[in-house]
There are 4 protein chains.
Amino acid sequence: MKARQRIILSILLVNLLLAAFAMGQSRREINFPDILGYKTLKCDLHMHTVFSDGSVWPPVRVDEAFREGLDVISITDHIEYQPHKEDVPTNHGRSHELAVSRARERNILLIRGAEFTRETPPGHFNAIFLNDVNSLAVEHLLEGIKIANKQKAFVFWNHPGWKPEHKGWFDFHTTLYENKLMHGIEVVNGGSYYPEAHQWCLEKNLTMMSNSDVHQPLTRLETSPENHRSITLVFARERSIDAVKEALVQGRTTVWFKDQLIGRKKYLDAIFKGAVEIGKPYNKYKDTIWVEIKNSSDVDIDLEKAGKLGPGKLTLPANTTTLLKTGTGAEEEDEAPAQIELSYNARNFLIAPGKGLPVILTIHLN
Amino acid sequence: MKARQRIILSILLVNLLLAAFAMGQSRREINFPDILGYKTLKCDLHMHTVFSDGSVWPPVRVDEAFREGLDVISITDHIEYQPHKEDVPTNHGRSHELAVSRARERNILLIRGAEFTRETPPGHFNAIFLNDVNSLAVEHLLEGIKIANKQKAFVFWNHPGWKPEHKGWFDFHTTLYENKLMHGIEVVNGGSYYPEAHQWCLEKNLTMMSNSDVHQPLTRLETSPENHRSITLVFARERSIDAVKEALVQGRTTVWFKDQLIGRKKYLDAIFKGAVEIGKPYNKYKDTIWVEIKNSSDVDIDLEKAGKLGPGKLTLPANTTTLLKTGTGAEEEDEAPAQIELSYNARNFLIAPGKGLPVILTIHLN
Amino acid sequence: MKARQRIILSILLVNLLLAAFAMGQSRREINFPDILGYKTLKCDLHMHTVFSDGSVWPPVRVDEAFREGLDVISITDHIEYQPHKEDVPTNHGRSHELAVSRARERNILLIRGAEFTRETPPGHFNAIFLNDVNSLAVEHLLEGIKIANKQKAFVFWNHPGWKPEHKGWFDFHTTLYENKLMHGIEVVNGGSYYPEAHQWCLEKNLTMMSNSDVHQPLTRLETSPENHRSITLVFARERSIDAVKEALVQGRTTVWFKDQLIGRKKYLDAIFKGAVEIGKPYNKYKDTIWVEIKNSSDVDIDLEKAGKLGPGKLTLPANTTTLLKTGTGAEEEDEAPAQIELSYNARNFLIAPGKGLPVILTIHLN
Amino acid sequence: MKARQRIILSILLVNLLLAAFAMGQSRREINFPDILGYKTLKCDLHMHTVFSDGSVWPPVRVDEAFREGLDVISITDHIEYQPHKEDVPTNHGRSHELAVSRARERNILLIRGAEFTRETPPGHFNAIFLNDVNSLAVEHLLEGIKIANKQKAFVFWNHPGWKPEHKGWFDFHTTLYENKLMHGIEVVNGGSYYPEAHQWCLEKNLTMMSNSDVHQPLTRLETSPENHRSITLVFARERSIDAVKEALVQGRTTVWFKDQLIGRKKYLDAIFKGAVEIGKPYNKYKDTIWVEIKNSSDVDIDLEKAGKLGPGKLTLPANTTTLLKTGTGAEEEDEAPAQIELSYNARNFLIAPGKGLPVILTIHLN
């Protein structure tokens, strides 16, 4: 009876926390470690409003980003497509302007952007860090992309696998690539992952991007490991628009997509090392030890054994401590080495399509 | 449409995380800062099993503690009351023994304890850190408590306001107190807070305790700010049973009860300072500034203005960043001081019954 | 171990249900009984879009209504206030037009409406069932309301307690009332309940309304007892726009606000009787009986004893079966009457400000 | 701002509902239609307590059953296995006795049962509706099962695929079957489904069972479509122990396992027809119509097209209304037939291993 009362009373407190979130003044941060001396910024650089084919007023995108713990967004309404123009006359760049003051109040970095929206192939392209969106409304796509580049924009190819019948790398992409007019590709757009794009980024040293491309209002109050936007983690020297640009140009990104991180090996390795902390054994019995492993990131880490020691599979859920029981490999208890190394493959840290990150869990026994 | 697909796909990931929790190998830690050079251990030192009037087998208490992120428990079955004894013959201390190996595997510190269960008044008392539970089964309560003390047990008075018709401080308590046979009081038991007990602890320098006194199985998978056990935070020099005992003897505790922390001013002040981090202003407009405040603890902090600057009320939800907009008090923008101090009262950090902790939020303007 | 596997596997199914909701093709209905030969329709007749000061494109309001299980909505953009008009030129009635086809596909009844938005007092008024919204854009409010009435609109006073400094019943309201130009009042607007308005509706026989007045996108996926829109239950002879109008004109409404129903006694009484079903005693012991009570509505019913028999307080949570243990009042078991009647006050069924609905729970003993 | 306040206020109501559940006096019913003139009772006929290798005191099993909306349980502690017997001396049938009064107060039908626990093969068997559990403690399994049968027990084979290396139908099972000593098989035990057992039940006309076999405390507060016990739906002429027995003997059961119903075609067909209600078309356009389909059961229904009309896949989530848009097959609008029939396969209503239930959705067009 007393136990039940306790449950009830503690339930009474749900209010405060949820209420504060609902008030829109608080947000839960997304947890990924800063790595290699850089800040890890959470970015969504592709989204729409009523100024093209989206269904929200621009500041809503800032509110959503704040609520979900993002650092950086770019509103990238279509240049060539305004289905609402009868009611919202075409005004390139206006959605950005209307969101600026909300972004300032919410501490969201807002990058001026737009989406080139032509036939597929060659498909759609985003240009961000623009000075003048209107100037991109020209007849030929290549010309528009050149103008964007003159404005020192960062240009990336959107959802390259969107229309399966037209997907592939075409001459147009080669032209952009060889003239350094295209700097990245969406490896992920919304709920879709494009392995070819992943491979192209690796081979051609293009920046890997992941964006929501959201059109409707978002119904989440908060980002969580189980339910989050597709975003790009950008490793920037500071939290500023200039630093985001520099990082994108240099390819310092990782994609957070569903339960996966997708990126270059050095970044995934650094995130793994920054997120995972292994304790000292807290229990020993003969040649068996028990240790705690903390994963302080927002991604569940899915490990598969690649060596001799340790369990066959090991999941380290986000923001938790997991118990690991393993043999030490020693035949006699007093022969236990100073440390043991467990080789695993982090299957959901993709360093290439279908290829997980090899990791070592080092346990100090003394 | 693409947005909807994304939602669906991200929902598909709920599985992994919950599954790992359900498997019982992972736990979310309870977030309170270590303070004043001590580790902050989460302790529930009062609970029951089928060996008295509880309804679970002893290792269940370890599993529950692990799942909810506790560090320390004590199973304290009644010495004088075994309603199930027809089926589970009286065997003092047996519930502890049956839980020992599970505790070792789960890295839970398990303290041997028992509950004296006599008429109210004088009421019930827990003795923990016992060597021999059986020896406490004697005719007179005072004798039993003396035996516990000879075993260097830590003795505390349970739920002192349990039976309102018999509550109060009686001669028996004075005897215990003056002879240093009683060292703490449950300021909180389950869903009940006893302000008189809070006051007695302050006046008589007794240790403040908070425990669940759980009898039924717990149905929570995880402790959260909104739904958690009543526990005692113990500030110990290390994570060991000896260090817990030392801390309890020296009164280094704070009570976590619903949305409140209850304790001595120095501990609450240290928790506040360890949990709250104030950023630099990220936006300024005339004499108004905007800053971010992080609360990295599991308690929502409820602030009420006590000075001239800042909003009248300010809630810092657990594990979130909250935006604060405040005037600087400067009449001219170029007269802004190097820093401003906002005086608040943390209403749910109780330093005495009905009395919140005074705090200062210092914001560096340059 | 097997138990754990089971938990995990069942968790794997969360997907399907949530996914179907997210796909936007399914909705959970709101549960209130049809009463007195009428259908109980769930209506929100006050909301905004980018065509006045809202922040969504009009079809979003239909999607939200569908998701939350509503039957009827009216988009009521301000006539006199278009803060976005620089970008979305004033076009009265356009938001309705843009939502029509979505409403048809989602089986939502969409009523053409608008909001008169003048100084307070006299305040704001909604007119719904309009033929021509543009015609309302005239200089004087009274004239506009007369035009609406010529179109046989249903006119109601919005959020009458919105600005506390200007609240009250003014001559203007008397003019409207005496000339039958105003037919209802919002007793509830969003999160606010206005007891004065409740009283005025009772005294003057005006229709009680409750609406969301939503401006931002809604973040709920589904309406639930704990988290729902403020809506008006309309008791209509069929599910059609004409029948909604007839019911509103005749005052056949009840307000669903947080955990309360607010309305005329006859409707609340009928809802109570339609929602609550009392079983036969399933257990008897001496003069004590146990029965099950089902509440098949979406409101938790909060009962307080008003007679001799039954527990002092009794909560019947929404969509659940609650166990009731009560004495029969018989002194001898064989003297038990054929039925007993428990008098209660349904405290959250408000028949007047601060006044709950008296109810009888009749239990047949044989 | 007003919208936000509304969210907050509605959140404040979470309390009442959850609190009432937590108080243990209310339960949400499991929704499956009564069929073919029978009541659909929700049964779990296999579970354990501290009297064998479970970890709860017997009345806990009643509390859990009540909370999750069950009607019938049987506590079936092992006859040959009491790992806790040093502390809880062997006492067959005692767990039932200790739960009887709680069952009476909670309106749970409690059936006296036990589990024979011998080597695999032949495996474990439950006997329920026993008079005397002690009498089953004999040397030979066959003898024990005969004694159970003399007590007119219903005997079923438990988890027949539990140990993959020993699974299969052995001579012992033939002996039981041919002598009518075994009457059912667990097609589902906890999280495991055994297709062979499903097939045996069909071929040999044995009763299909599904039980939890729970050993640990359950951490759910409520059964839901996404997270529920494996239970047996029993179609009984009334809610009584005798009627449950009669129904089991006559094979009137269906298994509810994760997102599936498994059973004989006539029962699955009746459940489908009882659960699914198709409205009249609410929208027509040329040869396309839109209708609402209600699924008032607790199972999500997963349909795959088997005819010419309708969408390829169609999910009807539990307790929701789903919109269906379909062509009528008419070439001219005025040739539309009086009704159309959509042929589907209900993939998660298993009438045999891997074989869904064929269903027709009939839509009346006029």
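Trainee: What share of the 366 residues in chain A is buried?

Mentor: Buried means under 20% relative accessible area, exposed means over 50%, and partly exposed is in between, using a 1.4 Å probe and protein chains only. In chain A, buried residues make up 62% of the 366. Keep in mind that this is a predicted model, where local features need pLDDT of at least 70, side-chain atom pairs count only at pLDDT 80 or more, and totals for chains, interfaces and linings use all residues. Residues are numbered from 1 along each chain as its sequence is written, chains are lettered from A and ligands numbered from 1 in the order in which they are written, and side-chain values use heavy atoms, with hydrogens and water left out.

Trainee: How many helices and strands does chain A have?

Mentor: Both are DSSP runs numbered from the N terminus: helices are H or I with at least four residues, strands are E with at least two. Chain A has nine helices and 20 strands, and its C-alpha atoms fill a box of roughly 75 × 55 × 35 Å along the principal axes.

Trainee: How do I describe two packed helices?

Mentor: You give the angle between their axes and the distance between the axes. Axes here are lines fitted to C-alpha atoms, for helices over the stretch in contact, and angles run from 0 to 180 degrees between N-to-C directions. In chain C, α3 (residues 58-67) and α4 (residues 94-106) pack at about 35 degrees, with axes 7 Å apart. Contact means heavy atoms within 4.5 Å; among the residues making this one are Val62(C) and Phe66(C) of α3(C), and Leu98(C) and Ala99(C) of α4(C).

Trainee: Now single residues. Why does Glu203(D) count as exposed?

Mentor: Glu203(D) counts as exposed because its relative accessibility is 55%. You'll find Glu203(D) in helix α7 (residues 195-204) of chain D. Glu203(D) is 86 residues from Ile289(D) in sequence, and their C-alpha atoms are 43 Å apart.

Trainee: And Ala153(D), buried or exposed?

Mentor: Buried, because its relative accessible area is 7%. Ala153(D) sits in the loop between α5 (141-150) and β6 (154-157) of chain D. Leaving out residues up to four places away in sequence, Ala153(D) touches several others, including Phe129(D), Leu130(D) and His183(D). His183(D) is 30 residues from Ala153(D) in sequence, with 9.5 Å between their C-alpha atoms.
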